[in-house]
Structure formats: structure tokens, C-alpha cells
Amino acid sequence: MNAVLKAKQEAAATRLDGADVPSGAGWSQAAREDALSRVRNMGLPSRRDEYWKYTRPDTLTSAEAGEAAVFETGEEPVFGSFDRLKIVFVDGVFSAEKSDDLALEGIEISRLAEAGDISWASELYGTLEANGQTPVERPLAALNTALATDGVLIRVLNTPSKPVSLIYHHENTRSDAVLHHVVKVEAGASFTLLENGPAAARFNKVLEADIADKAAFHHVRAQGRDHERRAVTHMFARLGTESTFKSFTLTVNGVLTRNECIIELTGDDAFAHVAGAALGDGDFLHDDTVFVTHDAVNCESRQVFKKVLRNGATGVFQGKILVKPGAQKTDGYQKSQSLLLDGDSQFLAKPELEIYADDVACSHGSTSGAIDEDALFYLQARGIPKDIATDFMTLAFLAEAVEEIEDEALAAEINGRLEGWLTRRRG
Amino acid sequence: MLEIKGLKVKLEEEDKQILKGVDLRVEAGKVHAIMGPNGSGKSTLSYVLSGKSGYEVTDGSATLEGEDLLDMEPEERAAAGLFLAFQYPVEIPGVGNMTFLRTAVNSQRKARGEEEMSATDFLKEIRAKAKDLKIDAEMLKRPVNVGFSGGEKKRNEVLQMAMLEPKMCILDETDSGLDVDAMKLVAEGVNALRSEGRGFLVITHYQRLLDHIKPDVVHIMANGRIVKTGGPELALEVENNGYADILAEVA
Ligand SMILES: Nc1ncnc2c1ncn2[C@@H]1O[C@H](COP(=O)(O)OP(=O)(O)OP(=O)(O)O)[C@@H](O)[C@H]1O
Ligand SMILES: [Mg+2]
């Protein structure tokens, strides 16, 4: 056994020794034990891993979470004005008091910690995560499956009247939250999931989403604006025939955020779009790691990631489209771009295509650049002050990602947050 | 209105002198034209006046109604009443034409301490002015200049000028790329703005525009200087004989 793997396994053993590994967790016990042994075998990510070349995993794998100040804004939280079913977690623990009744027509919601033997969930919990471990290992997701004590299980039988909104609160400066959510959208149903709020000092979250034939899953997430957060999130999605998956994430601030999205198109004519807009100022690293597998005919996938970086912020994008043999008529698109507002910031990108079918249209492009000086001058020459002109250009840059949000009101809500962030930084 | 004295300009990045002492004075209510060979510095003059970066003024001055232009940011010059219709209008994907122009109008008003224009008034006005210039309402909804034809871009410049109502208008080859009918529309647009209190500096290569916009004064620029100044007949001379005679005469 090589020395690197040994060190990683030792790190895993140490981490698990110090952790509360749930035992006797009923229906999820088998999945947890499986995940536990996988973590022990894989070890925890290390700086030497190709997959962690741009982002240091140490603070995500260490035994204890670092300290992170609680960030209060006094402002109306994101999605505050939307009619939705609210499910609140405080430092990674479900709060019945702050949440709505977990009842909404068309769907079944239960808390992971209290769920009885739910057969649909026991088939899913840890399953998509385990599938997503090849060809690239994602030990922090397996660790999550093993350790998570809270989260929600949502089964969508019929399209509900409003979105479900997961709201995170951070109160304890040393909290180390591990949440695992499972969503199953049954055939023909449509569902919107919202997520927002600072979750904890350190946050490890997994979302597994199984989208059945002709079903649709819309996901809009706003991470931030807690400055000292460290977070690693994984979203595993499996798509059935003619299904739709659309996920958008807004990420602002945070010292370290790694968002992985692993999508598998398993039914023909399915459609998966994943997009992100990230705003980083100062000591900020934001990493989008995406892996889309086409394993069916005539599917479309689209990745649109935009990052605005200033003041020494770092953006990372690792994105891959894998087209399996037989996945003909695949339409795969991948775009990652950064706008560097000064010379101190950097963007590191690794776009990849791996194609084993011949009738395929895939494209990818990654760019990094400053504000277009000619356009800026044109706006100024018409009387628009430089800072406002710069914000115009910045919003224009981000627009392609935000436009991936299908619901116009939600898109407008996100745009408002982007504008707010920019306005607060006007010198 | 606009007064330029001994203006010398070099490129910031390299040791290349482009304007070598320009003297020019445009009075309120007058239309001045500048003609001159390619590369003589006409666009550079318009850029330096409007504040584009990349140029260094090494000597001389430029004032608008007595105010030092060279000391202001580009947006301050615009608010002070200077307008440049670009030789090459810039495409700005993602920024809507309407939002752009309304922000421009209101930024200028705000800078001057005037009341902002309401959304309804703005809409009414832009619709009327776009109609005069035969600019399709659909086009206004598009991002700034994106997908516009060459001629449409030029008409859009004139529309912006009409909305912003500047005191001093510089038009850099607004006629090039226009078909005969569009040229007339643009000239009408300009003529509609001619007034006592407004000055124009029209940069052009062709007499045809000047048939429609009758200039009071014509200047010839060559090699970074105004080498000859005269009446409208000077433009006809250029049209008929080119620059050779004029350049030989001043050499
Ligand atoms: N940023 C720049 N970098 C290099 N050269 C420049 C730059 N700006 C202007 N020049 C040079 O300065 C000279 C004057 O250019 P300018 O565009 O002002 O000419 P012009 O009179 O407008 O010409 P035209 O009639 O072709 O539009 C040219 O030789 C041009 O190449
Ligand atoms: Mg020119």
C-alpha cells in the first residue's frame, strides 16, 4: 500500500475516533456501516489528491471545526417574502419550534433523526452517494452518510402548491454540522426546493435527489453571507426518462466553500442544468466541482458557472462531462467564467470531456478576464458613474447563470441579492 | 462653448505623439466640421475630450464653457454637457438598452442637481424619438448595440444624443456605414437639435453629410494639427481634389 493512501486512511481513522458514529440507527444502519467502511478504505482527501489540487481539504477533514463568527445582517433573509413550507435547522439540528408543520399536500416529509422504517428512503439513503464514488472518490460525502444524524426525507407524490424551504441558522461559533437530505420526486410530479442561510461554523451537507420519469426538480440555493464559514456540500442527482433537473446556487463570502454536484442521466430524453453565481471578496475560496454522466440517449446537460472575484479571492472550477458508450445524441454544454475585478484574484479551472459515443455534441469553454474597458468607457461617456457602470457589467456577466432559474420571481430575488452585494461594496 | 488650445497628446504606453498642438474653438449655436486623412488624429481628439484612458496630455488645455474638461472623469464631462457619438459604438451584452439609457439620463440629471426623469416620461420620450429615427421598439429592448447592424448602431448613437440633450455634440463619422435614407434621418436628427445654446463638432470624410448638416466652419486636420480652417467651400474642395493640394499648400 502506498504511503499517501496510508496517511489518508490514518486521517480517516483519527477523524472517526473523535466522531459520534450513530449506532442502532434502524433502517439507515446498513447504509451507514457501508459508508463507514468505504471512508476507512478511501481515507480522507489530502492535498496530494488530483481532485483537491486547487482547494486545501485540511480544515474540512480535521477532527474539530475551526471557529467561525456568527454573522448577523438584520436584513430580510433570502426568499423571505415567498410563500413556502419552512424547515429550520439550527447549527445542523432540526428546530420544530422554528419550522412549519411538516405537512404539505402531495408530499411526505420526515425528519431523518425520527423517521421510522421508510422503505423508499432506505433504498435511497447513501445509494446515490455510493454510486457517485466512481470514477472519482468523494470521501467527505461518504463521511456524511456515516455520520449524519439530521436532515429531511422528502417524497413528492404530487406537485405541491408551494416550495419547501430549508433554512439554516448559525448560532454556535464552533458548530460542526452534518446534514443529509434525501428527495424523491415520483413520476410526473414537480418540486421546488429552496435552501438558504449560514448553517454552522463547519458544514458538511449531502443532498440525494432521485427524479423519476417525467418528474421535475427545481433547486435554488443561496449560500452565505457568513464570512468565516467552511462548507463542503454534495448534491447527487439521478434522472429518469424525460425528467428535468435544474439547480442554481448563489454563493457569497465564506472562507472556504466546496460545492460538488454529481448528476447521472439514466433515462432517455432527460434534461439537467446546473448553474452557479459566486461573489468573492478577500479571503474567499469557492470551488465548484461538477461531474455529469450521460448514460442514456438524447439527454441535455448544461453547466453555467460564473464567479466575480476581488481583493485576493480565489475561484475554482472542476467540471466534467462523461458520455458513456451508447449515450447517443447527447447535448452537453459547460461554461465556467470568472470576472476578476482586480489583479490579486485568481481563477483556476479544469474543464474536461470524456466521450465514448460518436453522435454527440459537447462544448466547453472556460475564461477569465477583467471588465471590458471599452464598454466601461462607453457607459461612463454617457454619464454613468464608474462604480455603477462596473456593477452593470458585473450583473451582465452573471446574468447567464441567473437566467438558469426558471421561476422569474426567484430569479429576481437572487438578482436583488447580487445587486445588494455590489452596492454594499461601492467605494 | 468648446475651446481647445495647443493640445498635445501622446499615447500613455508608448512614445508616440498623436496630437501635436490642436487649436479649435466651437461657439454655441455653430456647427464645425473636421475633415482629414485617415490616421490624422480626429478620433483621438474626440476620445481625449471625452476622457478615454490610454492617452496622456502633455501640453495645452480643453474647456467646455470655461470649465477644464481634462480634469474631469468621463461621466463628469458627460454631465457637464459633452457628448461623443462613437465612430465604433461598443456592444455590451447583458446590459439592456433601456436600462442603460435611463440610467445615463438620470445619472446626468442627478450630477447636475436636477430632478430625475420618471419611468413613464422616459418611455414616452424615447418612443417618440426612436420613431423619428425609425428605430424599432423591439431594438430598444435588446442589449446595448448587440446584434445591431452598422447603420443601426449609428442611429442608436443619435437617439442617445437626442435623449441626453448635450450642450456640445461631437459626432465621429456618424455618417459612415449609413445608407442614403439613414443618412438623411441622422442629419434630420442632428438638425432638430441645432439651437442657440448648442455646439457641434462633426467629424466626417464626406461632403454628403455636410449637404444635410450645413456647417458654419470646416477644419482640415493632418498629422495631429488643424492645418486649415475655412467655410463650407473647404469641404467641397476636399471632395473634388482630395487633400494633396491643401497639404502641399501648408507644408
Ligand atoms: N491606442 C492606440 N494605440 C496605438 N496607436 C494609436 C492609438 N490610438 C491612436 N493611435 C494612432 O494614432 C493615429 C491617429 O488615430 P485616429 O484614430 O485618431 O485617426 P483618425 O483621424 O480618426 O483616422 P480615421 O479617419 O481613419 O478614423 C493613428 O496613426 C493611430 O494608429
Ligand atoms: Mg477616426
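Biologist: Let's start with ligand 1. How do the residues of its shell divide into nonpolar, polar and charged?

Modeller: The shell around ligand 1 has 2 nonpolar residues, 9 polar and 1 charged. Here Ala, Val, Leu, Ile, Met, Phe, Trp, Tyr, Cys and Pro count as nonpolar, Asp, Glu, Lys and Arg as charged, and the others, Gly among them, as polar. Bear in mind that this is a predicted model, where local features need pLDDT of at least 70, side-chain atom pairs count only at pLDDT 80 or more, and totals for chains, interfaces and linings use all residues. Residues are numbered from 1 along each chain as its sequence is written, with chains lettered from A and ligands numbered from 1 in the order in which they are written.

Biologist: Which residues are around ligand 1?

Modeller: Among them are Gly39(B), Ser40(B), Gly41(B), Lys42(B), Ser43(B) and Thr44(B), plus Leu11(B), Ile18(B) and Gln87(B). Being near means that the C-beta atom, placed from the backbone, lies within 6 Å.

Biologist: And which element gives the most to that shell?

Modeller: Helix α1 (residues 42-50) of chain B, with 3 residues. Helices (H or I, at least four residues) and strands (E, at least two) are DSSP runs, numbered from the N terminus.

Biologist: How confident is the predictor in chain B?

Modeller: Chain B averages a pLDDT of 92, with 100% of its residues scoring at least 70; pLDDT is the predictor's per-residue confidence, from 0 to 100. Within chain B, helix α10 (residues 244-250) is lowest at a mean of 81, and helix α2 (residues 74-79) is highest at 97. The model scores ipTM 0.95 and pTM 0.91.

Biologist: Switching to chain A: is β9 buried or exposed?

Modeller: Strand β9(A) (residues 202-211) is mostly covered, with 10 of its 10 residues buried. Buried means 20 or more other C-beta atoms within 10 Å of a residue's own, exposed 12 or fewer, partly exposed in between, with C-beta atoms placed from the backbone.

Biologist: Which strands does β9(A) pair with?

Modeller: β7(A) (residues 176-185), parallel over 10 bridges, and β11(A) (residues 230-239), also parallel with 10 bridges. Pairing takes at least two DSSP bridges between two strands. Ala177(A) stands opposite Phe203(A), while Lys205(A) has Thr233(A) as its bridge partner.

Biologist: What about the open sheet in chain A?

Modeller: That one has 10 strands in the order β2-β1-β6-β8-β10-β12-β14-β16-β18-β20, with mixed pairing. β2(A) (93-94) and β20(A) (360-369) stand at the edges with a single partner strand each, so one side of each has no neighbour in the sheet.
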